Amino acid sequence: METRCHEGGMDVVYFEDRGGAKLKLQVVDGRYFPTFPHDVIKNMRALKIRSDDVILAGYVKAGTHWVWEITRMLLANTTDVKLQEKDDCMIEDTAQPVLDALPSPRVLNTHVLFDQLPVEVLTQKPKIIYLTRNPKDTAVSLYHHNRKLWDYYFYDGKLEDYIHLFLEGKVDYGSWFDHIRSWGNVLKERPELDILEVNYEDLSEDPLKKIRQIASFLGVSPTEELVARINSACSINSMRERKGGLYADSQGLSIMYRKGLVGDWRNEFTAEVNDLFDGVLKEKLVHLQDCGLQWRFQLDQ
């Protein structure tokens, strides 16, 4: 069940899960967003882009915080970077004058579909890193994210009820499947754009290799000693210790840096939830087989 209304200058929707818990989202041009500033979201397409920008894109909870930190350390050629949250450089959450004032090269980030990006992406052709992650781990991570932030009407539903919302696309940024389709088609159909796909599972399995790959894509040549230091500085434990307090829950626990594990869904899914998820995956992924993405869903055993 859903209820739509107008609050605080924005159109909002309350999705009620099967247990009666409500999740609050903003609706802009028929698409779902967190309750970010409405005027910022409406201005996204007109945002000024620079040719030396780096844009990190990916569905929510696909590792954007992790790769954003890696990327800015690589560009700075040091791990000694300003303590900053990536949301300060998020195109759907940060006003254009603030982004305009950032020095180049900027490391911007977003969770939107490709066709929602600033128009100037097509002419300025910045480097884009697109992140993918197992949708089961994504769903679990987003569930805990929605429960911990007040922005979502203090959502307190159970995971088994939330999964239905996730699979129906009634969560932040809509359907995971639509997101994958949007970006996969871009990778296949727009070879003139400079896009690197980074898979969460690959990065988890061999972070040093992926950091080198990102560095090569960015056109920088870090020493092996710096690559090792970046890997250490960007581990989930290091990030939680260094940046966890920037977004913390009522108990002081980090909201953005929870576990970061591959396959943690196995600890939270019931057999019934897993069967439901697998059924939808089997149906939906048939239509995504020929897109340009090369994701993987688990680590090799």
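In the predicted model, helices α9 and α10 meet through residues from both elements: Pro 207, Leu 208, Ile 211 and Arg 212 of α9 contact Glu 224, Val 227, Ala 228, Ile 230 and Asn 231 of α10. By residue type, this contact is made up of six nonpolar, one polar and two charged residues. Two packed helices are described by the angle between their axes and the distance between the axes. For α9, spanning residues 207-218, and α10, the axes come within 10 Å and cross at roughly 115 degrees. The crossing of α9 past α10 is right-handed.

Helix α10 covers residues 224-233, and its buried residues are Leu 226, Val 227, Ile 230 and Ala 233. Viewed down the axis of α10, these buried residues lie within an arc of 130 degrees, so they line one face of the helix. Val 227 and Ile 230 are buried and also take part in the contact with α9.

Helix α6, residues 159-167, is mostly covered, with eight of its nine residues buried. The buried positions are Leu 159, Asp 161, Tyr 162, Ile 163, His 164, Leu 165, Phe 166 and Leu 167. These residues pack against both strands and helices: the strands are β2 and β3 (22-28), and the helices are α5 (135-148), α7 (176-189) and α12 (271-285). Just after α6, Gly 169 adopts a positive phi of about 75 degrees.

Strand β2, one of the elements packed against α6, belongs to an open sheet of four strands in the order β1-β2-β3-β4, with antiparallel pairing. The edges of this sheet are β1 (2-7) and β4 (31-33), each of which pairs on one side only. From one strand to the next, the twist averages 40 degrees. Strands of a sheet pair through backbone hydrogen bonds, either parallel or antiparallel. Between β1 and β2 (residues 10-16), the antiparallel pairing extends over six bridges. Within this pairing, Glu 7 has Met 10 in β2 as its bridge partner.

Met 10 is also among the residues touched by Thr 35, together with Lys 24, Gln 26 and Asp 151, when residues up to four places away in sequence are not counted. Thr 35 itself is located in the loop between β4 and α1 (38-42). Its relative accessibility is 18%; because buried means under 20%, Thr 35 counts as buried.

A parallel pairing is found between strand β5 (residues 54-58) and strand β6, which are joined by four bridges. Strand β6, residues 107-110, is covered on both faces. Val 107 and Asn 109 lie on one side, Leu 108 and Thr 110 lie on the other, and all are buried.

Over the whole protein, the secondary structure comprises 12 helices and eight strands. Of the 301 residues, 54% count as buried. Among contacts between residues at least 6 apart in sequence, 69% join residues at least 24 apart.

Definitions and conventions
Residues numbered from 1 in each chain as written. Predicted model: local features only at pLDDT ≥ 70, side-chain atom pairs only at ≥ 80, totals over all residues. Heavy atoms only, no water. Buried < 20%, exposed > 50% of the residue type's maximum accessible area, 1.4 Å probe, protein only. Helix = DSSP H or I, 4+ residues; strand = E, 2+ residues; numbered from the N terminus. Arc of directions from axis to C-beta. Axes fitted to C-alpha atoms, helices over the stretch in contact; angles between N-to-C directions. Left-handed = near helix turned anticlockwise from the far one by under 90°. Contact = heavy atoms within 4.5 Å. Nonpolar A, V, L, I, M, F, W, Y, C, P; charged D, E, K, R; others polar. Pairing = 2+ DSSP bridges.
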